[in-house]
Amino acid sequence: MSIFTLLAIGCSDPYRGIDYTRFQREEAKLLAEFYEMYEDSLFALAVDTIIDNREKSGLLFLGTERGVGDTLGLHKYASFRYDYYELLRHPDTEEPALLKRYSNYGGGEPDVIRIGDESWFSGLHEGMSFMRIGGKATLVIPSTIGTRNEFITIVIDVEVTTAEF
């Protein structure tokens, strides 16, 4: 193997030199600011259940409508509607702000998930496992259990429409 080949292999990592810990710190700082500004408002949304797993997994679950029947738990199929937001800095004020990225309320069929499988991301699975049919919740999901390498906290308003037990 020539020295040129060894140099080319050694330089082929496009992510080399990226300080991921800086991204993690920035996300954590933004999320802390978000909670400082809006925690009272968020908790006021919850009329049913609050599950604060911020110290364990990172999830904050705020049940806004109880729903009926048993909680979904793991390995159940559920269809759901959602509004998906990203927590970013407002470009003018630099304050935490939610930017709506996706929604499946506008038409078509609800999405389907099997709670606990590899689809979607673990924070959504964790949050939905606490829900019931017809239930609604707001989930605050840091990237460690959400987007992973995008270092963006997401907030999802979820509604379970059907489930198979």
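## Close-up views of a predicted model

**View 1. The β3–β4 hairpin has six residues between its strands.** Glutamate 94, in this hairpin, takes a positive phi near 65°. Strands are DSSP runs of E, at least two residues, and helices are runs of H or I, at least four; both are numbered from the N terminus. Strand β4 covers residues 96-103 and runs antiparallel to β3, with seven bridges joining them. Two strands pair if DSSP finds at least two bridges between them. Leucine 87 stands opposite leucine 98 in β4.

This is a predicted model, so local features need pLDDT of at least 70 and side-chain atom pairs count only at pLDDT 80 or more, while totals for chains, interfaces and linings use all residues. Residues are numbered from 1 along each chain as its sequence is written, and side-chain values use heavy atoms, with hydrogens and water left out.

**View 2. The whole chain holds three helices and seven strands.** Along the sequence, the pattern reads α-α-β-β-β-β-β-α-β-β. The C-alpha atoms fill a box of roughly 65 × 40 × 35 Å, taken along the principal axes. The protein chain has 165 residues, and 36% of them count as buried. Buried means under 20% relative accessible area, exposed over 50%, and partly exposed in between (1.4 Å probe, protein chains only).

**View 3. β6 pairs with β2 and with β7.** Five of the six residues of β6 are buried. Five bridges join β2 to β6, and the two run antiparallel. Here glycine 63 stands opposite alanine 137 of β6. β6 and β7 also pair in the antiparallel sense, over six bridges. On that side, alanine 137 stands opposite valine 158 in β7.

**View 4. The largest nonpolar core has 22 residues.** Such a core is a set of buried Ala, Val, Leu, Ile, Met, Phe, Trp, Tyr and Cys residues joined through side-chain atoms within 4.5 Å. Those with the most contacts inside it are Leu124, Met128, Met131, Leu139, Ile141, Ile156 and Val158. At least two core residues come from each of β2 (59-65), β3 (77-89), α3 (122-128), β6 (136-141) and β7 (154-164). Another core, of twelve residues, lies apart from this one; Ala46, Leu60, Leu87 and Val155 are among its members.

**View 5. Isoleucine 141 touches residues from several parts of the sequence, including Leu59, Phe121 and Ile156.** A contact means heavy atoms within 4.5 Å.

**View 6. Phenylalanine 34 and tyrosine 35 form a tilted aromatic pair.** The structure holds ten aromatic pairs. In this one, the rings are 5.9 Å apart, centre to centre, with 50° between the planes. Rings of Phe, Tyr and Trp (its six-membered ring) pair if their centres lie within 6.5 Å; planes under 30 degrees apart count as stacked, over 60 as edge-to-face and the rest as tilted. Both residues, phenylalanine 34 and tyrosine 35, are buried. The charged end of arginine 54 sits over the ring of tyrosine 35, 4.4 Å from its centre. For this, NZ of Lys or CZ of Arg must be within 6 Å of the ring centre and within 35 degrees of the ring normal.

**View 7. Phe80, Tyr82, Trp120 and Phe121 form one aromatic cluster.** Phenylalanine 80 and tyrosine 82 make a tilted pair, 5.7 Å centre to centre, with 35° between the planes. Phenylalanine 80 counts as buried because its relative accessibility is 1%. Tyrosine 82 counts as buried at 10%.

How values were computed: Lists of a residue's contacts leave out its neighbours within four places in sequence.
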